[in-house]
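Hello,

Please find the structure below, followed by notes on what was found in it.

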Amino acid sequence: MRVIAGSARGIRLKTVPGNRVRPTLDRAKETLFQVIGPYFDGGWVLDLFAGTGSLGIEALSRGCDRAVFVDRSRASVQTIRDNLQKTGFIERSEVHREDVRSALRKLVRRGIRFRLVFLDPPYRENLLVPVLKKVAEISLLRENGIVIAEHDFRLSPPDRVATLVAYRRLTFGEAAITLYAPDADE
C-alpha cells in the first residue's frame, strides 16, 4: 500500500497489524481519485473508520488542506499517526480515537465543513446508512462536497439518504464504492 500521486507519491504506508482492517487497494484508490478529482485546490477531508488513513493521506498528497481521521481502534490510530509522520502530513491532520457518532457530534459543534468525507465502516456492523444519514443531517459537507462510501459489493445502498443522492458506483472485487452528493434541490 502506497501513496499513488501528489507530494507524497510513492511513499509506502504501514498497515494495521492483524486482519481486522481491510485497506483500500491501490488499484481502487487510483481509480477512485481519477473519478472524484485527481488533484484538489484545498479543502478539508474527513476519514471515518480510517483504518490506515490511506484515503485521507492520498487526499492530502493531492492538495487538500487538512484531514481529520477517526477510528476507535488503538492499533489503527497508531498506524495513522505513523503514516502521517512518514508522509510529512502530521501538522495538517487531526487523529481522533473514538466512536464515529461521538466524533460527528464534536465536529458539528466546531462548524467544520468538508470537501470529502470517506466512509468505510466494518461491513458486518450495518453502519453505512445510519452514518450517511447523520452526515447529511448535520450538514458536514461544504458546497460541492462528496461522500465516498465503501461497502461490500453485494450491498446496494439506497440511492438517496436524507439530502444525499448517489450518483456513481464503482466495484473492485469484493468491495464497492458509492459516491454521494447533496441534492441540488435541497
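A residue is called buried when its relative accessible area is under 20%, exposed when over 50%, and partly exposed in between (1.4 Å probe, protein chains only). Helices (H or I, at least four residues) and strands (E, at least two) are DSSP runs, numbered from the N terminus. This is a predicted model, in which local features need pLDDT of at least 70 and side-chain atom pairs count only at pLDDT 80 or more, while totals for chains, interfaces and linings use all residues. Residues are numbered from 1 along each chain as its sequence is written, and side-chain values use heavy atoms, with hydrogens and water left out.

Helix α2 is mostly covered, with 8 of its 8 residues buried. Among them are Ser54, Glu58 and Ser61. The buried residues of α2 pack against α1, β1, β2, α3, β3 and β4, where contact means heavy atoms within 4.5 Å. Just after α2, Gly63 has a positive phi of about 120 degrees.

A nonpolar core is a set of buried Ala, Val, Leu, Ile, Met, Phe, Trp, Tyr and Cys residues joined through side-chain atoms within 4.5 Å. The largest one has 31 residues, and Leu32, Ile36, Phe69, Leu116, Phe118 and Ile148 have the most contacts inside it. Elements that each supply at least two residues of this core include α1 (26-36), α2 (54-61) and β5 (141-152). Setting aside neighbours within four places in sequence, Leu32 touches Leu55, Phe118, Ile148, Leu170, Ile177 and Leu179. Another core, of 27 residues, lies apart from the largest one, and Val70, Leu127, Ala136 and Leu141 are among its members.

On to the pockets. On a 1 Å grid over the protein atoms alone, a pocket is an open set of points where a 1.4 Å probe fits, with protein on both sides within 12 Å along at least five of seven lines; lining residues have an atom within 4 Å of a point. The second largest pocket is lined by 17 residues, and Arg113, Leu141, Thr163, Pro182 and Asp183 lie nearest its centre. Strand β5 gives the largest share of that lining, 5 residues.

Two backbone angles are worth a look. Most residues other than glycine have a negative phi. Ser139, in the loop between α5 and β5, has a positive phi near 50 degrees. Ser139 is partly exposed, at 43% relative accessible area. Ala162, in the loop between β6 and β7, has a positive phi near 55 degrees. Ala162 is also partly exposed, at 38% relative accessibility.

Regards
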